[in-house]
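Subject: Structure for your review

Dear colleague,

Please find below the structure that I am handing over to you.

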Amino acid sequence: MGALERFKVQGLSVASRKFIESFLSQKTKSLLTAGPSCAIFRENLRGGVTPPPRPFIFMRVLLISPNIETLPDPVAPLGVAFLSAALKSAGHEVHCLDLCFAEEFGTAVGKSVSDFSPEIIALSLRNIDNVAYPKSVSYLPFYKGVVECCRHVSAAPIFLGGSGFTLMPGPILNLLQADAGIAGEGEEAFSRVLAAIAGNSSSPIEGLVRKDQEHSVAPACIQNLDSLPSPDWDGLDLGQYFRRGGMGNLQTRRGCPFSCVYCTYPLIEGKAVRLRSAQKVAAEAEFLVQKGIENAFIVDNIFNFPETHAREVCQAFIERKIALRWSCYVHPTYFSRPLAEDMKRAGCTGIELGTDSGSPAVLVKLGKNFTPEDIRRATRIAQEEGLEVCHSLALGAPGETEETLEETFRLMEQISPTAVIAMVGLRIFPGTGLAYLAEAEGIIPSSSTLLDPVFYISPAVKDRVVEMAKRRAALHPNWILPGLSINVSLRIQSKLRKIGVKGPLWEHMKIMRERRPAKREPHA
Ligand code: B12
Ligand code: SF4
């Protein structure tokens, strides 16, 4: 009987059993040579002793954040901090390696591996590409390099996870040649993976993705977010993110019940909205302030849905007199004046709206449940309450024509936001309504993995939209076009951060707007 057969897997569900079998057959050697915390596990493998359910076997996990994107700002890896907290509270030993500020990633990985001797390596893949057209950048080749480097210096199995990974887990796993991954929220699922590897658990693992798996898996989704420990920033350099990125981050809720045609957020976080206790969020905000972080971004896909929760969070901030400035994404329909007042009193400085278009017809095609009038109303309330406002646009969306583009431009002229972030085209992701539409229109073949970025641009404006966007940006210095590198660059960022500018840089575009007022087009 080989080591694998002697390892007690009888009690496991079929899925976990298969996983562990395939996993162990490749990785037995590495686990046998791993460090002391795996001693009981190794004994079981060698001697064929049925492992007792207790004592629990703890593992040494190296969590790597390979996100080296620094535009629009370096973003503190909140997902890694949540995961680290959950693994530590389950008793595992965790070391975080953030490559964002590392001088040379190979050296950094090599050093972490030799200092820590991990038994498991886990990579958090936040971004796949910059979703920007035409200057699209894929991060996957870099991640592949990081996985290869890990393989070179360690025999530990490699796991993947993160929002970017969740969008196309199977193809990314195969491309990167990692061992397995978790689609969706990692705190509970990854803890279960570790427990299963150590033989301590037989519960099924939500979101588990294995190599060459043909069927897709539902992403892991945690019902009670308050059961999770607060993010653990111990092994991560929050101060550096504040100095160079101008902010920290917080999360008050997960999930989005809406169905905008292109949007990946309901696929990543699920459709069920799950709330975190306002007091817990406020305590995390206080922690940031104690760490010297004065600005934060609330990463919720929509901060103000449900509005009652957003107001509770604001009340908790106000009661505790938290000296944090923050900004967030809001949905125009649920943005009321009392909420705006609370947000302002609670330290909010600016709101971002995923407006996309000023054309009622395009908004319907995009599946947006708001109208240009809702956009006007929300902008007016925010401006009257002293909040900066940024509208994100998607130029070239389904149904877009030159006329609808002009409608969008006119709306922006009328409401005069602090800044506009305009993306040209929409990155197509698997599982979205846009992917089905693009397939039906012959833009992508049904077999496309979409690993390489493909953008939907309405055929009616395909040849004109880039030019029209550039022209508009030339008239409005407060327009940011990431895909055309207009008003977003490392040079501008480092200049502003060096002189102490904090928070999202778009909030400071008002200076541009006021200095060089927009020249009106004759028809606007
Ligand atoms: C807020 C946000 C921003 C803010 C961030 C502000 C800040 N200071 O934090 C801003 C506006 C700056 C921003 C910018 C960008 N963003 Co953004 N952003 C988001 C958003 C809405 C939330 C991210 C977040 O913090 N989530 C909360 C944390 C807790 O969740 P998480 O990181 O997903 O981690 C969980 C799981 O994924 C998992 N997990 C994570 N790691 C691991 C590892 C393992 C091993 C396991 C098992 C599990 C696991 O467990 C975690 C806890 O549950 C997501 C969309 C979304 N709903 O996820 C997009 C998203 C991450 N962004 C995306 C992109 C592309 C970008 C930009 C490149 C866009 C651009 N061109 O400017 C930049 C990149 C910035 C950078 N330096 O990296 C994409 C990435 C995917 C892709 N398409 O490549 C997303 C998914 C949106 C999308 N279009 O699909 N972003
Ligand atoms: S765009 Fe906003 S409201 Fe629409 S599905 Fe995505 S997160 Fe939800």
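In this predicted model, the axes of helix H5 (residues 105-116) and helix H6 (residues 140-153) come within 10 Å and cross at roughly 35°. Helices (H or I, at least four residues) and strands (E, at least two) are DSSP runs, numbered from the N terminus; axes are lines fitted to C-alpha atoms, for helices over the stretch in contact, and angles run from 0 to 180 degrees between N-to-C directions. Contact means heavy atoms within 4.5 Å. On the H5 side, Phe-105, Gly-106, Val-109, Gly-110 and Val-113 take part, and they meet residues of H6 including Phe-142, Gly-145 and Val-153. This contact comprises eight nonpolar, three polar and no charged residues, where Ala, Val, Leu, Ile, Met, Phe, Trp, Tyr, Cys and Pro count as nonpolar, Asp, Glu, Lys and Arg as charged, and the others, Gly among them, as polar.

As to conventions, the model is predicted, local features need pLDDT of at least 70, side-chain atom pairs count only at pLDDT 80 or more, and totals for chains, interfaces and linings use all residues. Residues are numbered from 1 along each chain as its sequence is written, chains are lettered from A and ligands numbered from 1 in the order in which they are written, and side-chain values use heavy atoms, with hydrogens and water left out.

The sheet is open and has six strands in the order E2-E1-E3-E4-E5-E6, with mixed pairing; two strands pair if DSSP finds at least two bridges between them. Strand E2 (93-98) and strand E6 (208-210) each have a single partner strand, so one side of each is left without a neighbour in the sheet. Strand E1 (residues 60-65) pairs with E2 in the parallel sense over six bridges, and Ile-64 stands opposite Leu-97 in E2.

Ligand 1 is surrounded by 43 residues, the closest being Ser-124, Ile-128, Glu-187, Thr-264 and Glu-269; a residue is near a molecule if one of its heavy atoms lies within 4 Å of it. The shell around ligand 1 divides into 22 nonpolar, 13 polar and eight charged residues, and its largest share, four residues, comes from H4. A nitrogen atom of ligand 1 is 2.7 Å from an N or O atom in the side chain of Ser-124, while an oxygen atom of ligand 1 is 2.8 Å from an N or O atom in the side chain of Asn-249.

Ligand 2 has Cys-256, Phe-258 and Lys-368 among the residues around it.

Yours sincerely

Definitions and conventions
A polar contact is a pair of N or O atoms within 3.5 Å; within protein, one must be able to donate a hydrogen and the other to accept it, and residues adjacent in sequence count only if both atoms are side-chain atoms.
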